[in-house]
Amino acid sequence: MTKKTIRHTLAFLFLISVCGGAFAAIEIGDIRWQVPQPSGVRGKLVYTDVPNIDFGNDELQFPKFRIAAAIKNISSKPAEAGIVRCAFSMRLVRLDGTGESVWAVPFWTEERRFSKIKPGASAEMKIYHIDVAPFLKRLRASGYWPDAMKIQFMPEPRPGDNIVVSESLIENPKNNRVLP
């Protein structure tokens with residue numbers, strides 16, 4: 001090899017090493033399902049983490065909830081102006097108790113934006129407004145009800161990123177399949 005070829009090769013390798021880490025990598029960590037509890041202060045709710053949620057038997061009994069997810073920047077560069085996509089779906093069962101449960105396609109999707117996360121730092125993203133009432137009303141009219149819910153998160157990929165989908169599942173502990 002000539003000196004010129006070696007110099008070009010080294011320059012090329014340097015550019016690859018610099019450009020390869022040019023984008024921050026976002027990871028979705030802890031995903032928590034939370035329900036509101038009265039705080040004693042009028043109009044103020046305190047959300048607590050729950051391992052499962054009683055879905056009730058109709059859309060009026062279905063609890064209000066929120067989802068909190070930790071977003072972590074695992075790179076050495078700041079993550080700026082990023083987008084996290086969310087999809088929410090339910091596993092459905094027949095109200096008469098017959099048949100197997102089936103995951104429905106996501107009925108709610110959303111994009112959440114974040115402005116800046118420093119290298120190695122975390123931020124919390126909270127999702128409050130998942131409007132399930134219209135979906136539940138149609139489900140009940142067709143003879144189905146959810147026995148589990150799932151939310152999926154995916155940071156919008158940028159050049160050089162690996163695509164990773166994080167998800168969290170919560171089930172109905174009572175499994176109210178038959179209407180009263």
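Guide: What follows is a chat about the terms and the values behind them.

Guide: This is a predicted model, in which local features need pLDDT of at least 70 and side-chain atom pairs count only at pLDDT 80 or more, while totals for chains, interfaces and linings use all residues. Residues are numbered from 1 along each chain as its sequence is written, and side-chain values use heavy atoms, with hydrogens and water left out.

Visitor: How do you know how many helices and strands there are in the protein?

Guide: DSSP runs decide: a helix is H or I over at least four residues, a strand is E over at least two, and numbering starts from the N terminus. That gives two helices and nine strands, in the order α-β-β-β-β-β-β-β-α-β-β.

Visitor: What does N172 touch?

Guide: Contact means heavy atoms within 4.5 Å. Leaving out residues up to four places away in sequence, N172 touches I53, D54, F55, P146 and D147. As for contacts in the protein between residues at least 6 apart in sequence, 73% join residues at least 24 apart.

Visitor: What makes strand β4 mostly covered?

Guide: Strand β4 covers residues 79-94, and twelve of its 16 residues are buried. A81 is found in β4, yet its relative accessibility is 59%, so A81 counts as exposed. A81 also has a positive phi, near 50°, although A81 is not a glycine.

Visitor: How do you know which way β4 and strand β6 run?

Guide: Two strands pair if DSSP finds at least two bridges between them. Nine bridges join β4 to β6 (residues 108-117), and the two run antiparallel; V84 has R112 as its bridge partner in β6. β4 also pairs with β8 (residues 144-155) in the antiparallel sense, over eleven bridges, with L92 opposite P146. β5 (residues 102-103) is joined to β4 by two bridges, again antiparallel, and R91 has W103 as its partner there.

Visitor: Which residues of helix α2 are buried, and what puts them on the same side?

Guide: In α2 (residues 133-141), the buried residues are F135, L136 and L139. They cover an arc of only 95° around the axis, so they lie on the same side of α2. That arc is taken from the directions from the helix axis to the C-beta atoms. Their cover includes β4 and β8, while the face turned away from the buried side carries the exposed K137, R138 and A141. Just after α2, G143 takes a positive phi of about 90°.

Visitor: What lines the second largest pocket?

Guide: A pocket, on a 1 Å grid over the protein atoms alone, is an open set of points where a 1.4 Å probe fits, with protein on both sides within 12 Å along at least five of seven lines; lining residues have an atom within 4 Å of a point. Here 14 residues line the pocket, with P63, K64, F65, I130 and V132 nearest its centre. Its volume, the space filled by probe spheres set on the points, is about 250 Å³.

How values were computed. Buried < 20%, exposed > 50% of the residue type's maximum accessible area, 1.4 Å probe, protein only.
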